[in-house]
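Open the model in your viewer and keep the selection panel at hand. The tour goes from one selection to the next and says what is there.

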Protein chains: 2
Amino acid sequence: MSTATARSLSQRASVMPASPIRKLAPYADVAKSHGVKVYHLNIGQPDVASPETFWKAIRENNLSVLEYSHSAGILALREKAAAAYTAMGIPVETNQLMVTTAGSEALSIAMSVLCDEGDEVIVPEPMYANYIGFAAANAVKVVPILTKIEDNFALPSLEEFEKRITPRTKAILVCNPGNPTGIVYSPEQLAGLREIAIKHGVYLIADEVYREFVYEGGRPQSILELEGLDELAIMVDSVSKRYSLCGARIGFLVSRNKKFMDAALRFGQARLSSPTLEMIGVLAALDTPTSYFDEVRSEYRKRRDLLVSRLRAMPGVVCPDIQGAFYATVRLPIDDSDRFCQWMLEEFRLHGATVMMAPGTGFYSTPGLGKDEVRIAYVLNVEDTAAAMDCLQLALQNYPGRTNQ
Amino acid sequence: MSTATARSLSQRASVMPASPIRKLAPYADVAKSHGVKVYHLNIGQPDVASPETFWKAIRENNLSVLEYSHSAGILALREKAAAAYTAMGIPVETNQLMVTTAGSEALSIAMSVLCDEGDEVIVPEPMYANYIGFAAANAVKVVPILTKIEDNFALPSLEEFEKRITPRTKAILVCNPGNPTGIVYSPEQLAGLREIAIKHGVYLIADEVYREFVYEGGRPQSILELEGLDELAIMVDSVSKRYSLCGARIGFLVSRNKKFMDAALRFGQARLSSPTLEMIGVLAALDTPTSYFDEVRSEYRKRRDLLVSRLRAMPGVVCPDIQGAFYATVRLPIDDSDRFCQWMLEEFRLHGATVMMAPGTGFYSTPGLGKDEVRIAYVLNVEDTAAAMDCLQLALQNYPGRTNQ
């Protein structure tokens, strides 16, 4: 029998990056197997308990068959979620909302519905690393627009956005409050984005999964509150952070653009449904009292304050102002953030512990950027955060690739 | 302020089909709202209870935070699943297996890892409708190869496959046991596919989610048992049907091709993880005694026997031999299966009940085929199946678009 060489894997497989948040996990596993305590500041996995309402619904469910649910999500959940948005001042109707398998799938579907291979999405960088992954999966071109740590990662001028708009531009994608920067966009900044979107007919996708995590001022404005943007605004949401339910994989894709939602539902039908049991839990979690968020916010504010003060006290470290979410993108006096983060897992120990962080390079689509930055997720309690900062401080003193700053 | 027309949605959004299994749901909803009993033979949603092992693990879980899990799935689940395959005679190592968000995601990732826009996948038709959806999402071209009801949907000759192989062909995709046909491929047929794959270096993707549902002979051969195919064989599996856990959204992507699995994991990292709680339940469900399957198989055999005998007694109806899965693709004396299925939901009633089926057209990628066919999922108990067949029999007598046969 004649044989042929196996055909090549796809181009998109070759450009799909390993997650900067997860790619160092094997080194962390090795360290742990030797008894080392690893403080995980690499991933936005809060240590806050998921709401009791959720657990009660899960533990007391009386189902016999775990069935598929509607491709747009259980109707009761859609109705309740839409009502909850409306109650907080963001008017949403049930048919403008689809339940997705977390924010990840909502973003992926949004990109698929808007973009073909080679179409462009403008994204401020540093950006949530997985946007680069979703774009790679969809063969979509990410067009970055640089924001700077010296400006606390504020959006550049509208002219900078307009310079990047081409006939292939389909959307501008922002994360608000921002992962990995901690920025919360002002109404003026959002108004500017609105103006560009309307002027050029490009869609505005806002990843608003950190809505509850704002430490100065009230609720950040949603993209869905902007006037005259019904056709162009697409909001992505998730219960992962809000209810500390990262493992539930339940999110929402929301838009008033009927054609967009019709297409999104067809993509949803192709994967049948999101996890049914988790939807039942989330249906109950939506009844979580607002005091839950007050406590969570107060706890995260403490963590942020500690983190910022500790980082700013370290020579050569630049920590910007952080207004929301639970991340900081921080400049360190190091030669290479990938090497530094790996070195910390492989070589550095303080009292038998070390810290895992996400190298900054993975949050830029422009090659070469982020080499002196790391993303820190401040998701651990104050005591652990302090211990992690002790590690980082000493590590920076001892790291062989420390730069002269 | 100047305004522009909103930019167009993507080409893939325009070609993404509505699911033939779900698109008529609004008509069913209307019927139900008027008190009509709808027998759902449209969707492979078994009425069999999910295993008690699963429910016990879910209800008695003592988690506090529902965290992300590893992007390849909880290690204990990967180990146990690999061991379970090995125990049944399909040698699989832990690192050759990735947990996915059901078989749907496993298929979608497999396509993404192998194919770029315009690449081709050869699929016998009628095919599981969602293959067409995954291909549309990935801008991959489905190249159908016709199988015929008169042959019980047996695979055509190897020459027919080879005629369709081009430089863009990346894979052959089969479902075994077959949805929507009920065929179980013989070792000879699989050997033929193996020969073609090796000769041309194309990948062989086998969707084996119905492995336990075989009514004649023993376990069907897995693609992973074929010799010399380590680099080319990709197996997709799921607990949806096996354990009646359709709503859990847990599946497996399995291959011995390391480069393929490495790439698949990067796609997995982009979506973070599959649902954690469901993995905990499935970990326990893997301990389900084999007697569970014996009972399930015996129950489905009864349903199949009833369905086949009832259908064959209806004038003008052609029902092929069905060896596995729980579907039949059946020829009916009708003008248009979409119209007929909708008519049954809107117009036809027997004792206040009607039947929902999936129009055959959605299971062909060749336009125009399947107009006189429907897919019937025999997932209801014998009594309900009999009542549904009473409905179908009378409906065929009364349907205005009945053809002369």
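Predicted model: local features only at pLDDT ≥ 70, side-chain atom pairs only at ≥ 80, totals over all residues.

Select the strands S2, S8, S7, S6, S5, S3 and S4 of chain B. In that order they make up an open sheet of seven strands with mixed pairing. Now colour S2 (97-100) and S4 (141-146) of chain B: each has a single partner strand and stands at an edge, so one side of each has no neighbour in the sheet. Between neighbouring strands of this sheet the turn is 25° on average, direction ignored.

Next, pick residues 169-175 and 203-207 of chain B, which are strands S5 and S6. These two strands run parallel and are joined by five bridges. For one position in this pair, select Ala171(B), whose bridge partner in S6(B) is Tyr203(B).

- Helix H4 of chain B, residues 75-87, touches S2 and strand S8 (251-255) of chain B, and its direction makes about 120° with that of S2(B).
- Helix H9 of chain B, residues 258-270, touches S2, strand S7 (233-238) and S8 of chain B; here the angle between the directions of H9 and S2(B) is about 25°.

**The contact between the chains**

Show both chains. Chain B and chain A each bring 76 residues to the contact. On the side of chain B, the elements that give two or more residues include helix H1 (11-15), helix H5 (102-114), helix H8 (187-200) and helix H10 (276-285). Keep H9(B) selected, too: with seven residues, it gives the most to this side. Coloured by class, the side of chain B that touches chain A shows 34 nonpolar, 24 polar and 18 charged residues.

**The sheet of chain A**

Move to chain A and select S9, S12 and S11, which in that order form an open sheet of three strands with antiparallel pairing. Strands S9 (327-331) and S11 (358-359) of chain A are the edge strands, each pairing on one side only. Five bridges join S9(A) to strand S12 (residues 373-377) of chain A. In this pair, Thr329(A) has Arg375(A) as its bridge partner in S12(A).

**The nonpolar core**

Which residues have the most contacts inside the largest nonpolar core? They are Ala110(A), Leu204(A), Ala110(B) and Leu204(B), in a core of 283 residues. Leaving aside neighbours within four places in sequence, its contacts include Ala171(B), Ile172(B), Leu193(B), Ala197(B) and Ile234(B).

Methods
Residues numbered from 1 in each chain as written. Chains lettered and ligands numbered in written order. Pairing = 2+ DSSP bridges. Helix = DSSP H or I, 4+ residues; strand = E, 2+ residues; numbered from the N terminus. Axes fitted to C-alpha atoms, helices over the stretch in contact; angles between N-to-C directions. Contact = placed C-beta atoms within 7 Å. Nonpolar A, V, L, I, M, F, W, Y, C, P; charged D, E, K, R; others polar. Core = buried A, V, L, I, M, F, W, Y, C linked by C-beta atoms within 7 Å. Buried ≥ 20, exposed ≤ 12 C-beta atoms within 10 Å, placed from the backbone.
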